[in-house]
Structure formats: C-alpha cells, structure tokens
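Here is a protein model to read through.

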Amino acid sequence: MASNRVWPISIVPIKPCFKQRLRNILVSRIQFLPDLLRNTRAFPEGFFDLVREPILQGCGIKAWASPESRLEHGLKPGFSVETFRELAGWSESDIESSWLRHYFDLPTRAYDYLLAHLPANTLILSFEMPPWLANLLDRQQIPYLDIRVSPLRFGRDLYIALRTNQSHLYPRLQPYVVSPEELRLEAGALAASVRMHQQRLEESGRYPLDLDNTLVYIGQAPYDASLLSPTHSSALRCTDFVDQLRQLAQGRRVLHKAHPFAPDFAKEEQRALAEITGQAVGICYQNAYQLLSCDHDVALVGISSGLLQEASWFGKQVHTLFRPVVPVTLADTPASAEDFLQVHFEDWLSPAFWHAVLTPENPAPRLSKLPALQHHHARQSLDQWWDYAKVMTWEKSLPIESFERTGGIMLRQRIEALEQGLLQNRSMVVDCDEGNEVYWPASASMRGKITIRGRGNRVIIDEQVDFDATIDITGDHNGIVLDRDVRLAGKIYVSGSGGMLRLGAGSTFTRVIIKCHEGKNILIGRDCMFSNEIELRTTDGHAIVDPDTGMRLNPAQDIIIGDHVWVGKGVTILKGGQIPGNTIVGADSLVNGIYTESQTLLAGTPARVIKEHVTWQRELKDSFSHAELEQWKQLSAPAEAASSPFVSDDWEQAKKLALEKFALQPQAFGRGQLYQGHEAWGLAGQRPTLARLQAYGLDPYLSPEHNVLDIGCNIGLIGMGLSPRINRYHGIDSNPALIEIAQILTAGRGIKNCEFQHCSFNDLMQTLPAPYDMVLSFAVHVWIGLPMAQYAAHLKTLLKPGGTLIIESNRLATNDQSFFSDIQVFLDHGYVLQKQGMLKDDGIIERGFCIFRRMP
C-alpha cells in the first residue's frame, strides 16, 4: 500500500503555444479556489487573505476571493456553491462521508458546472488542493499553484510548500527554495537547545527521560486528508497495517503520541494499538522535539504524519506506513510534477516574490517586502500544529513541559470531560479526589456539579431531592447532608476541615449562595423556605486584627436556623447568625446576631423584631385551620448523617467486578471497552448514556407510571438512567455476560425498578408480555434479522395504544444505509412520527433515530 505519490494525476504535456498563452494568463486573472466540498474555511481563507495584497502590489493583479467567502469572487455570475455541491453528490447531513467519497473524483456534471463558470485565462490558487480539482485543471490545461504548510516545521519560522502544473515556473521559484544546508543547521540548533534543557532537568533529579528501546506511534486526526487513498474505501487507520506494526513492535515498548486536536479518536487508536501489538500501550507525554532531539534509542512509526518527515533530519529511525503528506523538494534536487518546493514564509508574504514568479516582465513593486520582523512571526499567527510552538521559546515553555510530562495532559483531558458533561442538557458531574464519598438515590433528580478536593469528605443526598446546584469542597472530613424532599438551586462552597452543612427535610432554596468556611457548620431545619439572592457565610473572608496584640478579632462562627423559617429575597446571614424556628426574615435584611423568639418577623439592617406572634404558610389563602398551621411539625425528624446509607463502596466494588467480568469476555463492538458508559458515575464506555438521553430528548414522553422495554439493553445503563423517571424498566439481551454485568451495576447503585433478562427477541415474542408504555430499539434491528415491516408489526404488539417507540439506526454509512427509507413502513402500521434526528455520541459512528407514537 506504500506509495511515494500524493495522488494519481495525469499531467498533460504543455505545448509551446500554450506556454505563451499561459504567460498572458498569469498576468491577467487570479482566482482563489479551495476544496469546495470540505467543510473548513479558516485555513484556506486565512492563507488567501495573507497573499491578496502582496499579489496586488507585486503583480498589479487583483486576486479574487473564494466562492465561499463574503468577499467578491471572480467566477462567472450565477455560480452557487450549494448547486455545485448538489451536483457533486455532497450531503449536508453527512458532511464527513460526502467529502471522503468525493475527494478523488466528482460526477461529470459537477466538473462541467464549475468549468462553465470559470473565466478564461485564469490562474488558480488553492490551499491543500484536492485531487479532483488538480485532475480537472490538468485535463483542461488550466494553470494552478497548490499552497500548503510545509511538513518540515522545525525551523525558527514556517516554510510554505508550493506545487504547480506549469514547468516554466520552477526556474522562477528556484532562487527562493530552502536549501538542505539551512535545514540541517536549523535541526542541529534546535536539537542542541532541547538536549541542553533536558540535561538540566536530569541533573536536578527531576523528570528523567526514558525512551530507550521504544517505538512511538504518531497519531493523526481522523479527518486528515493525507489518510485518504483512491484504492481504499475509507480513511486509513492503524488497523490497516496490522502486520507491519506487529513486526515493528517486537521487543520494543510501544507508546502512543496523540494528535492534539483528536483526543477522543486517540483513545480508540491507543486501544487498537494495544490489541494489534499484544501489549499495554502507554501515552507519550514528550513533545515532538524532545522525541526527535533525544539520544535515546527511539523509533517513530505512523501512517502519514509530517512529523515522520521531520524525523530524518534528526537522525531518527522512521517507518512511514503509507506515504509522505507533502513530498518536498530541496534547492539541489530536481522537482517532479508531484513534488512541492519549499520557500520561506517571509518571502511568500513579499510582493517581490510574487512579481518574480508571476510577472517578472512587469516593473518591480515599490516595496519588495515588509520590514524585517523578529523570528516566529508566522508561528505567532498560524501555529496550530503539534508541539511546534515549543520551538519559539523553549525556556519559557519549560515549566509547562515539566507539568505536562508529570500528568498535566491527563488533568487537562479530565477537566475537558467534566466541562463537556455540564453541557449535556443539565446533567450531573462529579469530580472528586480519592477517599471521598458522594451518594444519591435513584429517586433524586440531579443536575449540576460536585467537586471535592481533599479526603474524608462526604455528601449525602436523600430520597426525592431536587438538586440543581454546584457543590465545591476544599479540605478534609467535611460533610454535606440534604435530607429528603429538599429542593436546592444555588452554589455551595465548603472549605477548611471538619465542617458540616445540613439542609432539613422539605426545605426549599430558590437561588442561594452558601459559604461554609473554616471548618464551621451551617445547620438549617425542616420545611424552611429560602427565596433568591440569599447568601449565608460563616466567615468574613478577611481578618480584623488588634494592632496591639496581633490577634484576630473576627473568628468564624456557626450559623443555625430552626425549622419552618421563611427567608425573603436578598437576605444576608453572617457568621454567628441564629434564627429560631417558625420565624420570618424580611427581604434585604442582614442577620448577624442571635434571635431567640419564635413566631416573629425580623427585618432591617441589622435585622430586628418588627412584629410578634406571626407564622407563615406556603399556600396563599385567606384563612387556615390550626391543624394546617401545625402540619409542618409532623415532618419526620432528619436521620443522623452517620446513619445515612452510602452505596459508594458498593458501587466501586460493583464497577470493579463488572469490569473484571467484561475483561473475561470482551465484546468486539465496544472497541475494547464497555459499549455503554455513564459520565456521572465514573464508568467509561464507547457510548455515554447521559449524552444519548440528551440527544433523544425523552423527557416529554416519560411518566412516573410508565413501564419501559429495552430490546438489546447491553449492560442496562439506559434503564438505570431512566429509572428515577419511570415505574419499571425491563431490559433484554441475547448476551448473558452483558445481563450479568447489568445486574451487578444495578445492585451497586441500589436501583430497584430495573429488571434484566437473558433472552432473544424471538424468545420475548413467544412469552406474549403485557404491552409497554415505551419500547426502545437502539441499533439492534439489523441483528434481529427480521424484515423491517415484520419488525414494525411485532413492536406494535409490544406497545400500548398511544405508547412511544424510539428506534435507532446502526451505522448509517455501512450496514444501515437505508434506515430512514426503511422505517417508513412504521407509518403503514399505524405509527405517527413525533421526532427524528441524528447523533454521533461516540464521536465516530453516525446514527439516526426516530420517535413514533402508536395510534390507538
């Protein structure tokens, strides 16, 4: 499969008369034309913008913008990118696959449409020109310049790589081409600097480099055009080079260097490498130039990364599995039709360069180039690749390198994962250090984030709690208890050690900020009602000091609030504040003392008793019976925090056991990991449960009385995620190993309303179960093997009249291409389409889904 060709093109010999005609073309019209089928604009238009003015000053020619730009393009009137894409077979709903399918060739109608709108005597400038465009221009003898960033990026500034189908331009470009002597000097200077700083680190006893006898796989982004081949149906992956990788890995430790723009894909790639090589594949935390500059026995392997081309300049052993990204030609090497010449970025930006290359017969420009700048001006504006920023100022980046190599990369990925979780439709994210416990039951409605830094902290959330808040704990052995039926919206901050925050049963908090600092306590009783914009804090935040003794005069103090207290909007309760039960605090008041009389109304700054012998009720009506007024006293007293049930130990044990079971019988469809995962429960999997539930948007179709059937439930995480909102969940799967894991996980979570059964769909239909309110069929109909019409009829017998069916496709690009057309049979069987959509929750596989309602 290896090849030295970038893509197969057919160069048409240029006749002498065409050369003369071409000279006129070059001085008359220039058109920017990127890959119109690729859904990226930033880089192409950015590069075009950079040279628009240098071309105008150097050649006196206006360079017309891309058809996708907001600026005026130079194609003939009537050209439409949308029409061109439609003629090319490009699909808005499947952009990635459309671009891949048409990277090398297009239907004739698309070529004809573009040519009909391309003015005569036009020179085409393109950034990363696709093969389909190069082939078309070669066939039509239309001149072009293909512009790219050079794969050799270790110099003090960037190089630009250029390729043209006009042989007479090469002599004009030759004076600007980078020499091999310069590249050797640049590589030597960089390697010396990097090694010197590495030696300083090792002399200090910190961060030793250990890469001897190591093979480093250089990853690429899955959407990289250099991974495409005209003879391969999809982008190349490491799994396409199994034999070569196994041979290279023999006797060597294997590390994986992920592409910085594709962290999720890198995890899949790392798992695949482990399966191929039969060994654990670690993460390479060293940056690109530490790898290339070190004197260790380290070899590099990859499919087509530009880093592999750089490595030869540093004397590293390199194995390129496919082909170079951009074959480069140096100053002393003859150029072929497919090679790229390298020029300095600074020259490429100069009017003199474009004058010499395109219009040398015209008068020279008034300004040959911009005044000289410091090094790295290109990197400062365009640095988007790998670790090349480290070349700019190694000493400044040294602390960051130390941090990254000691786990900083993993920390960054962890934070990004948590932030993503928060965006997933108000989901729950827990970010805790080891040695802490967080518990909530299935009946609690949880949205927000809990962060714990320290050890021995516990967060207990009781039954029927509605939590829409953030908790941030910093310290050790603190406790937070939310008793049953609490409704909380707001922010809680706990710092110090040994503090306790307790919110009593039935209390509600509309929007509050609670600061339980310096190890102090905030205790709030039952059936309290807190309005919004309320703040409670056990400390002033800063010290008030006696100047004579140096002693602090304002120590932190507890806050204690009794049962059945109504706190109005905008109230501030400071350290030491105590409010007795059955009390009202008026809006915007300041509570900073101890109040002892119940049935009072407090108001003012500071608050004082302004009315006695009053109580309050949530309900608005003219009169209340004595029994109604005393009803809040009947609330059960809160259980002690120490006796509250924790399932965290059970859950950790359940996770461990489940993963052990999975390791004994790994499933091919999970790519080496669990097929289902749960973001908030610390269970990694290929398809995250909360993200899926968000994409489906099932809330409008769920009810606490509903019974749900899940066909092909896998390990049951969809059911566990739905369990607080439904009556009963019944999951079936034909794989007994998955059912066993599902039962382990439900027991670990303490979930009682989920039932799992090992049986096939055919077995289920033989039992004639009672109809369900909702049936889930996620990516399983292709494996059940029934015609879609027959499957629709069976599902109808499983649904109550008015019930909801959610059916999801398998992989649309391969084994379920006709999904959206096939599911039309459901309309013929008495279903009404409620919603349809697309999702790519694992970042890899595009799926579709439909939600139907069964008509009575």
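Contact means heavy atoms within 4.5 Å. The model is predicted.

Q: Which residues make the contact of helix 2 with helix 14?
A: From helix 2, Val-51, Pro-54, Ile-55, Gln-57, Gly-58 and Cys-59 take part. They meet Pro-351, Trp-354, His-355 and Leu-358 of helix 14. By residue class, this contact has seven nonpolar, three polar and no charged residues.

Q: What is the hand of the crossing of helix 2 and helix 14?
A: The crossing is right-handed.

Q: What makes the buried residues of helix 3 line one face of the helix?
A: In helix 3 (residues 81-88), the buried residues are Val-81, Phe-84, Arg-85 and Ala-88. Seen down the axis of helix 3, they fall within an arc of 95 degrees, so they line one face. An α-helix has 3.6 residues a turn, so residues three or four places apart point the same way.

Q: Against what do the buried residues of helix 3 pack, and which residues are exposed on the other side?
A: The buried residues of helix 3 pack against helix 5 (108-116) and helix 6 (131-139). On the other side of helix 3, Glu-82 and Glu-86 are exposed.

Q: Why is Glu-186 called buried?
A: Buried means under 20% relative accessible area. Glu-186 has a relative accessible area of 8%, so Glu-186 is buried. Glu-186 is in helix 8 (residues 180-203). Leaving out residues up to four places away in sequence, Glu-186 touches Phe-154, Gly-155, Arg-156 and Tyr-159.

Q: How many helices and strands does the protein have, and what share of its residues counts as buried?
A: The secondary structure comes to 26 helices and 40 strands. Of the 856 residues, 52% count as buried.

Note on methods
Residues are numbered from 1 along each chain as its sequence is written. This is a predicted model: local features need pLDDT of at least 70, side-chain atom pairs count only at pLDDT 80 or more; totals for chains, interfaces and linings use all residues. Side-chain values use heavy atoms; hydrogens and water are left out. A crossing is left-handed if the near helix is turned anticlockwise from the far one by less than a right angle, and right-handed if clockwise. Helices (H or I, at least four residues) and strands (E, at least two) are DSSP runs, numbered from the N terminus. Ala, Val, Leu, Ile, Met, Phe, Trp, Tyr, Cys and Pro count as nonpolar, Asp, Glu, Lys and Arg as charged, and the others, Gly among them, as polar. Buried means under 20% relative accessible area, exposed over 50%, partly exposed in between (1.4 Å probe, protein chains only). The arc is that of the directions from the helix axis to the C-beta atoms.
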